[in-house]
Protein chains: 2
Amino acid sequence: MAKPSTALPAVIVLGQPTLFNIYGEQLSHKFQFLKPWESSLPLEQFISTHAQSVQAMISSPKDFVGKISSSLFCLLPSLRVIVTSSAGVNHIDLLECRRRGISVANAVSVFSEDVADFAVGLLIDVLRKISVADRFVKNGLWPLHGDFPLCSKVGGRKVGIVGLGSIGLKVAKRLEAFGCIISYQSRKKKPVSYPFYPDVHELATKCDVLVICCALTEQTRHLINKEVLLALGKGGVIINIARGSVINEMELVQCLVQREIAGAGLDVFENEPNVPEDLFSLDNVVLTRHVAACTENSFRDLYELISGNLEAFFLNKPLLSPVLDD
Amino acid sequence: MAKPSTALPAVIVLGQPTLFNIYGEQLSHKFQFLKPWESSLPLEQFISTHAQSVQAMISSPKDFVGKISSSLFCLLPSLRVIVTSSAGVNHIDLLECRRRGISVANAVSVFSEDVADFAVGLLIDVLRKISVADRFVKNGLWPLHGDFPLCSKVGGRKVGIVGLGSIGLKVAKRLEAFGCIISYQSRKKKPVSYPFYPDVHELATKCDVLVICCALTEQTRHLINKEVLLALGKGGVIINIARGSVINEMELVQCLVQREIAGAGLDVFENEPNVPEDLFSLDNVVLTRHVAACTENSFRDLYELISGNLEAFFLNKPLLSPVLDD
């Protein structure tokens, strides 16, 4: 580990954001990073030894265990800003941040296009069995078994977008080009021409596919449960690129195993990196490892945004992407 | 086998079109089908015993070995119409058909949407490593290996469409919704705003991705060779949903193995069902078994078109989808 320059502003990093694997070098020219994962000390001791007076934090929801809330804030009395490498802020206690005057900045829509692309890719893959066919060919089965099941057309599918934010809108726009018929559920009606259903169960009864694009909040936790899945029905497909806990995973697995719905494309899970093993043998399910946002382009944009937010904070300027807690 | 009704018009079926697995029953209410594959006789003997006076043929390019040309026509002196279950007619000697007064009907654009959807699905899969990630998760690797490579963004890619017909146009329209930048190569300039390159080598130098959508003809056989692939370059991706022989497969395999291009999504191959085994272990290649057209919806439309063409022929009416040999 290079000797940190004390002239650079100090930033504590919680979790081990993937960003650091790629842009760690560039970032270290601008800030002095305090990385608990490189220390043998337990987190509390690391903070009291190295970071008690730190004002800024970078956080990642993927690897950090537990919520960033009171108990941590007590250890960091000087903390004034949290910059998270995610669009979602469900891992941060925003109310407590507001009470303590801690600002929060997120990745806003840096990832929206990539996540929307991935959602569409998952949907095409599930409907058209691309991963299944790839396994079939690579296992040398084509010359042995001529037959392969007919698939479902993408066009004409009634697709319900759950959460019509930045990602949901981009998914809708892409799927329109395939001839899908879009409707949506959201907290509020949006200024779009797609039919709006305030209730996700009603949306499911009207649709062949649900694409989960909403933030994870107390209101959306387990929003997709067995009743919603049964309403979607035996021909139904679920795509989730949001957060695992928006779906009741146990009930989803049951529905998939018992063929109560037709298939799923899942990039996120309730207890990552653990994925229910009952899904591993299902050919109607495509499973990926929370990579919908992970492109070189997104990470470059994220690097610039995180770096810009921290610079703004230390120059006493407005954050580039403040989270407005409404 | 049910006893064929001699009151129904006779149609010989060459190859064993997948359509018959699904719509054989319905078709058999309208026509008496002569199926060489259900007989132990060699084809020539089958024809001379059962089909010498037959006027109509259904053909499939997938399973029939060899070209439908003179030697076959000599066995079928009364043949007046060939209805193929494919959009492509490269398996039929059209000049010889014209000389003998045999009409040909094809599947026109019945499959265009499904094939275009599949092409886009293959491209997203290759760029965003969906099949790779699915294998990774299903093999239980996520908890063991946290890291997964960053992928390439779909948006902003310069995509060259080789053959801007019905399928190529639909691929272009879909990829525009992802923010791809489209150009094309075709025999003639088309009334579209995309930049046109008459030469495929020049198109490759301008693009990150080539999507092969052209018909297989003597002019397009091995159109994509090593020179074109090297012009596409180390970041380049090839998608082929047309016919295997449009690409020099041996040179493509070399380029992929030696990482002269970045990846490929291939639904078609030169010598189906045999796929070059050197490709099986490559994670930058997605291989499917000539299923881009295979949806329930396409096959229902195909059934109606084939049935309609045969009915038109036997009623002495114009074919629904005549192939115009220009």
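Axes here are lines fitted to C-alpha atoms, for helices over the stretch in contact, and angles run from 0 to 180 degrees between N-to-C directions. With that in mind, helix α6 (residues 130-138) of chain A and helix α6 (residues 130-138) of chain B pack at an angle of about 75°, with their axes 9 Å apart. This is a predicted model, in which local features need pLDDT of at least 70 and side-chain atom pairs count only at pLDDT 80 or more, while totals for chains, interfaces and linings use all residues. Residues are numbered from 1 along each chain as its sequence is written, chains are lettered from A and ligands numbered from 1 in the order in which they are written, and side-chain values use heavy atoms, with hydrogens and water left out.

**Helix α6 of chain A with helix α6 of chain B**

- The angle makes α6(A) roughly perpendicular to α6(B) (angles under 35 degrees count as roughly parallel, over 145 as roughly antiparallel, 65 to 115 as roughly perpendicular and the rest as oblique).
- The contact (heavy atoms within 4.5 Å) joins A:Ile130, A:Ser131, A:Asp134, A:Arg135 and A:Lys138 of α6(A) to B:Ile130, B:Ser131, B:Asp134, B:Arg135 and B:Lys138 of α6(B).
- By class, two of these residues are nonpolar, two polar and six charged (Ala, Val, Leu, Ile, Met, Phe, Trp, Tyr, Cys and Pro count as nonpolar, Asp, Glu, Lys and Arg as charged, and the others, Gly among them, as polar).

**Helices α5 and α7 of chain B**

- Helix α5 (residues 112-128) of chain B packs with helix α7 (residues 166-176) of chain B at an angle of about 50°, their axes being 8 Å apart, which makes α5(B) oblique to α7(B).
- Among the residues that meet are B:Val120 and B:Leu123 in α5(B) and B:Ile167 and B:Val171 in α7(B), and the contact as a whole has eight nonpolar, two polar and four charged residues.

**The sheet of chain A**

- Strand β10 (residues 263-266) of chain A pairs with β11(A) in the parallel sense over three bridges (pairing needs at least two bridges found by DSSP), and A:Ala264 stands opposite A:Val285 in β11(A).

Definitions and conventions: Helices (H or I, at least four residues) and strands (E, at least two) are DSSP runs, numbered from the N terminus.
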